[in-house]
Amino acid sequence: MNQKNLMEVDWSKIPAPTDDGAAAHLVGMTIPPIGLVATDDTSVTLAALPGRTVVFAYPRTGEPGKISLVDDWDMIPGARGCTPQTCSFRDLFAELKAAGAKHVFGLSTQSNEYQAEMAARLHLPFPVLSDEQLALTRALDLPTMEVAGLTMIKRLALIVDEARITHVFYPVFPPDRNAGDVLAWLKENPV
């Protein structure tokens with residue numbers, strides 16, 4: 001399937017993910033001191049960041065005009081919507097910061113090179129972290145899915161306060177509303 005427009009999605013035709021309990025263990029966990037390469041050419045250790053951090057994770061962003069990873073990508077619950085989710089965080093970035101998020105990051109298992117192209121194309125005001133080696137994913141036992149031989153993080157968002165996960169959004173659907181849900185939570189739960 002050719003991905004002509006990554007932003008225009010009829011969510012009523014996309015299967016919603018169900019809560020499989022795979023993120024239930026995350027609240028209260030401490031983020032391990034693992035450095036991840038970021039699209040701004042830095043190494044980020046989430047455990048070392050002061051204040052409140054928002055990390056939203058997604059399986060895999062697409063590229064306009066490119067062939068989907070698999071023909072039925074849109075029919076895999078939770079797969080479709082990585083670009084709309086990312087753009088929603090971009091569009092609400094200033095409001096997220098004003099609501100107490102000292103840091104905002106995207107996270108996927110895609111390579112930094114792939115993510116850097118996407119971050120530039122979408123004009124992201126925040127870095128995206130690459131967990132290509134699955135170090136953080138495995139250490140936290142993040143929910144994953146296997147597609148076309150690749151391990152990808154299922155869509156979720158984490159609120160991290162001083163290296164401790166204090167809230168998890170999972171499952172996330174529709175993806176383009178995730179940033180708004182995170183913003184509402186931040187406003188209701190100030191630091």
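Biologist: Leaving aside neighbours within four places in sequence, which residues is Thr39 in contact with?

Modeller: This is a predicted model, by the way. Thr39 is in contact with Asn112, Gln115, Ala116, Ala119, Phe126, Pro127 and Val128. Thr39 itself lies in the loop between strands E1 (35–38) and E2 (43–45).

Biologist: Why is Thr39 called buried?

Modeller: The relative accessible area of Thr39 is 17%, and buried means under 20%, so Thr39 counts as buried.

Biologist: What does Phe126 touch, not counting residues up to four places away in sequence?

Modeller: Thr39, Phe56, Thr86, Phe89, Arg90, Phe93, Val104, Phe105 and Gly106.

Biologist: Thr86 and Phe89 belong to helix H1. What makes H1 (residues 82–91) mostly covered?

Modeller: Eight of the 10 residues of H1 are buried, Thr86 and Phe89 among them. The buried residues pack against strands E3, E4 and E8 and helices H2, H3 and H5.

Biologist: And Ser108, why is that one counted as buried?

Modeller: Ser108 has 0% relative accessibility, and the limit is under 20%, so buried is the label for Ser108. Ser108 is in strand E4, and its side chain makes a polar contact of 2.7 Å with that of Gln115. Beyond four places in sequence, Ser108 touches residues including Tyr58, Leu129, Asp131 and Ile153.

Biologist: Now the backbone. What makes Leu134 and Ala148 worth a look?

Modeller: Neither is a glycine, yet phi is positive: about 65° for Leu134 and near 50° for Ala148. Leu134 is in the loop between E5 and helix H4 (135–140), while Ala148 is in the loop between strands E6 (144–147) and E7 (150–153).

Biologist: Which of these is buried and which is exposed, and why?

Modeller: Leu134 has 11%, which is under 20%, so Leu134 is buried. Ala148 has 51%, which is over 50%, so Ala148 is exposed.

Biologist: Where are the cis peptide bonds you flagged?

Modeller: One runs from Tyr170 to Pro171, with omega near -10°. Another joins Phe173 and Pro174, with omega about -10°. Pro171 lies in the loop between strand E9 (164–169) and H5, and Pro174 is found in the loop between E9 and H5 too.

Biologist: Last one: how do you know that the chain agrees with a compact globule?

Modeller: For 191 residues the rule gives a radius of gyration near 16 Å, and the chain has 15 Å, which agrees. Buried residues make up 52% of the 191.

Technical notes
Residues are numbered from 1 along each chain as its sequence is written. This is a predicted model: local features need pLDDT of at least 70, side-chain atom pairs count only at pLDDT 80 or more; totals for chains, interfaces and linings use all residues. Side-chain values use heavy atoms; hydrogens and water are left out. The radius of gyration is taken over C-alpha atoms; the globule rule is 2.2 Å times the number of residues to the power 0.38. Buried means under 20% relative accessible area, exposed over 50%, partly exposed in between (1.4 Å probe, protein chains only). Helices (H or I, at least four residues) and strands (E, at least two) are DSSP runs, numbered from the N terminus. Contact means heavy atoms within 4.5 Å. A polar contact is a pair of N or O atoms within 3.5 Å; within protein, one must be able to donate a hydrogen and the other to accept it, and residues adjacent in sequence count only if both atoms are side-chain atoms.
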